[in-house]
Amino acid sequence: MSSSDPRPHVLPTRGCRAVLAGAAALTLGVLGGCSGAQGGDDTVAGQAKEVADRAYVSGDGRIEKLSAADRGEPVTLTGKTLDGQAWSSVDHRDKIVVLNVWGSWCPPCVAEMPELQKAHATLEKTKKPVEFMGVDVNEAPETAAAFMRRVGTTYPSLADDGGAALTALQDKASTPPATILLDRQGRIAARVTGETTSATVTGLVDDLLAEG
């Protein structure tokens, strides 16, 4: 992935990542394969969950890269982690910072969490200058922390702060899931809108590290 082109690069995603809300019952049935669900659940609770999953509107996994010349002002993102520790993106200006906006109530966020953990573990082993931080939204920190423990996510996450974090991210992550990568100067250099993969995240990180 080259950053020499001054225009944002938008790369297509593979597969079907999002389903429009409010679709008719027949449409929901046709789009069932896009949700990633296998088989069916005949219980009322199971059917309700399947409908909720299909009705959630998110991005389609599109990747956007900005050339160095087109990146805006540095991001100043501050907050407290789920365990109450203060954190600021300013303290990591010498690293590539991977920010994932998520919520345990968001089906594609749940689906991509193992991929993000895989990317984190892979990059941590290489000891590359990379910082991972989740940005939880619209739920209590206790709920978010319990979810991360349950799925085995080891990188930290900021607690919901009423929307201040989304504002700090310059309105680039209005709908979760969204993954934002900051360059060594703290500027937004890449974005994935919707569910992402480990290969995508590690590839974007390597591209930014190669900039020097």
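This is a guided walk through the structure shown above, from its overall build to a few single residues.

The model is predicted, so local features need pLDDT of at least 70 and side-chain atom pairs count only at pLDDT 80 or more, while totals for chains, interfaces and linings use all residues. Residues are numbered from 1 along each chain as its sequence is written, and side-chain values use heavy atoms, with hydrogens and water left out.

Let's begin with the whole protein. It has 6 helices and 9 strands; helices (H or I, at least four residues) and strands (E, at least two) are DSSP runs, numbered from the N terminus. Of the 212 residues, 42% are buried. Here buried means under 20% relative accessible area, exposed means over 50%, and partly exposed lies in between (1.4 Å probe, protein chains only). Now take the contacts (heavy atoms within 4.5 Å): among those between residues at least 6 apart in sequence, 74% join residues at least 24 apart.

Next, look inside. In soluble globular proteins, nonpolar side chains tend to be buried together. A nonpolar core is a set of buried Ala, Val, Leu, Ile, Met, Phe, Trp, Tyr and Cys residues joined through side-chain atoms within 4.5 Å. The largest such core here has 28 residues, and Val98, Trp102, Val130, Phe132, Leu181, Val201 and Val205 touch the most other members. Two or more residues of this core come from each of β5 (96–102), α3, β6 (130–136), α4 (141–151), β9 (188–194) and α6 (198–209). Another core lies apart from it, with 18 residues, among them Val97, Ala168, Leu169 and Ala178.

Val130 lies in strand β6 and is buried, with a relative accessible area of 15%. Leaving out residues up to four places away in sequence, Val130 touches Lys95, Ile96, Val98, Leu123, Val205 and Leu209.

How do helices α3 and α6 pack? Their axes are 8 Å apart and form an angle of about 40 degrees, which makes α3 oblique to α6. The axes are lines fitted to C-alpha atoms, for helices over the stretch in contact, and angles run from 0 to 180 degrees between N-to-C directions. Angles under 35 degrees count as roughly parallel, over 145 as roughly antiparallel, 65 to 115 as roughly perpendicular and the rest as oblique. Where the two helices meet, Glu115, Leu116, Lys118, Ala119 and Leu123 in α3 face Ser198, Val201, Thr202, Val205 and Asp206 in α6.

Beyond residues up to four places away in sequence, Glu112 touches Asn100, Pro177, Gly194, Glu195 and Thr196.

Most residues other than glycine have a negative phi, and most peptide bonds are trans. The bond from Pro176 to Pro177 is cis, with omega near -5 degrees, and Pro177 lies in the loop between α5 (164–168) and β8 (178–182). Lys127, in the loop between α3 and β6, has a positive phi near 60 degrees and counts as exposed at 74% relative accessibility. Asn138 has a positive phi too, of about 65 degrees; Asn138 sits in the loop between β6 and α4 and is exposed, with a relative accessible area of 58%.
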